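My notes follow, in the order I took them.

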Amino acid sequence: MADVTYREALRLALDEELGRDQDVFLMGEEIGRFEGSYKVTAGLWQKYGATRVRETPISEEGFVGAGIGAAMMGLRPVIEIMTINFILVAMDQVINHAAKIRYMFGGKVGVPLVIRAPGGAGAQLTAQHSQSLEAWFAGCPGLKVVSPATPADAYGMLKTAIRDDDPVLFCENLVLYNLTGALPENGDGLVPLGRAAIAREGTDLTLVAHSYTVQRALRVADRLSQDGISVEVVDLRSLRPLDVDTVAESVRKTNRVLVAEEGWSTYGVGAELAARLQRVCFDDLDAPVERVGQAEVPMPYAKPLELAALPLESKIEAAARSLLAECGL
């Protein structure tokens with residue numbers, strides 16, 4: 001198959017799952033005639049009709065709650081939140097209901113619900129529309145939280161999420177929508193949730209990232225390779241469940257690890273990984289786990305300030321060089 005964009009990979013996954021299973025339906029603001037804010041649902045309303053591609057009022061708490069109810073009755077809703085920032089008004093539904101219903105009903109009722117949530121910064125959308133909140137949700141038992149970085153993973157993980165019997169928060173970084181890549185030639189392309197991937201092999205440093213930061217990490221690895229530094233890039237893909245085993249296996253090879261993320265470092269993905277790695281890889285580490293994240297300020301609107309707040313390649317590279325220097329490399 002020819003290369004497709006991340007956006008097209010998501011649309012293909014939705015199209016195929018709508019065609020495969022009559023219980024799957026989509027719900028969200030302007031996802032029908034307008035085809036979604038980022039055109040991920042382009043053509044699906046025309047193909048499947050208004051019953052299976054349902055437009056909603058601007059009421060996130062209402063339509064997330066409706067999706068939970070539909071999922072409890074056996075349907076498989078895929079809800080599009082216009083931006084992950086708007087999911088904050090539906091937190092009660094996500095945290096208190098979707099995440100806990102299987103537990104509170106003694107395992108007799110599940111919530112096979114997917115919430116697609118675009119987010120991230122870099123487009124001058126200001127403080128209230130430029131956040132990476134996935135770590136908040138990854139801290140909640142009962143939810144699965146995934147954050148694919150490539151078109152193939154976006155395609156395969158969305159299909160897997162729709163077939164999952166538990167709620168999945170599917171985080172998409174806005175900057176990734178135009179990224180192109182190949183999809184699998186054979187099979188249904190399913191990608192299991194909860195498994196990290198080695199995006200690039202290396203021997204001197206393990207650089208862990210997820211979502212768009214994987215692309216930054218790969219560019220940093222390219223730059224460092226020009227100086228003879230071999231960086232292994234681990235794409236987490238899934239934040240809950242978190243595949244610590246794959247990261248630990250890489251750390252045992254390189255003995256050094258840097259975690260880069262677009263979210264805030266405090267209580268973030270890097271903090272969680274650092275805690276877990278010191279337990280399972282303490283004797284393998286030549287230096288403490290280092291972290292790079294977004295500046296801990298509300299994201300500025302002004303472009304120079306926005307760039308200053310983001311974990312750009314220059315910051316990741318500087319942190320990597322500092323860590324390696326600490327180890328005498």
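I began with Asn255, which is partly exposed because its relative accessibility is 22%; buried would need under 20% relative accessible area and exposed over 50%, with partly exposed in between (1.4 Å probe, protein chains only). Asn255 sits in the loop between H9 and strand E13 (257-264). Helices (H or I, at least four residues) and strands (E, at least two) are DSSP runs, numbered from the N terminus. I noted that the phi of Asn255 is positive, about 70°, although Asn255 is not a glycine.

A note on the source: this is a predicted model, in which local features need pLDDT of at least 70 and side-chain atom pairs count only at pLDDT 80 or more, while totals for chains, interfaces and linings use all residues. Residues are numbered from 1 along each chain as its sequence is written, and side-chain values use heavy atoms, with hydrogens and water left out.

Next I looked back along H9, the helix that Asn255 follows. Which residues of H9 are buried? I found Val244, Thr246, Val247, Ala248, Ser250, Val251 and Thr254. These buried residues pack against strand E9 (197-200), strand E10 (205-209), E11, E13 and helix H10 (269-280); contact here means heavy atoms within 4.5 Å.

I placed Arg237 in the loop between strand E11 (231-235) and E12. Arg237 counts as buried because its relative accessible area is 12%. Pro241 belongs to the loop between strand E12 (238-240) and helix H9 (244-254). I reminded myself that most residues other than glycine have a negative phi, and most peptide bonds are trans.

New entry: helix packing. How do helix H8 (residues 212-225) and helix H12 (residues 313-326) cross? Their axes come within 9 Å and cross at roughly 55°. That makes H8 oblique to H12. Axes are lines fitted to C-alpha atoms, for helices over the stretch in contact, and angles run from 0 to 180 degrees between N-to-C directions. Under 35 degrees counts as roughly parallel, over 145 as roughly antiparallel, 65 to 115 as roughly perpendicular and the rest as oblique.

I listed who makes the contact: Thr213, Arg216, Arg219, Val220, Arg223 and Leu224 from H8, with Glu313, Ser314, Ile316, Glu317, Ala320 and Arg321 from H12. I picked out Glu317, which is in helix H12. Glu317 is buried, since its relative accessibility is 14%. Leaving out residues up to four places away in sequence, Glu317 touches Val220, Arg223 and Leu224.

Last entry: aromatic rings. I found two aromatic pairs in the structure. Rings of Phe, Tyr and Trp (its six-membered ring) pair if their centres lie within 6.5 Å; planes under 30 degrees apart count as stacked, over 60 as edge-to-face and the rest as tilted. Tyr6 and Tyr177 pair edge-to-face, 6.1 Å centre to centre with 65° between the planes. Tyr6 lies in helix H1 (residues 6-20) and Tyr177 in the loop between strand E7 (168-173) and strand E8 (180-181), so the pair ties together parts 171 residues apart in sequence. Tyr6 is buried at 0% relative accessibility, and Tyr177 is buried with a relative accessible area of 1%.
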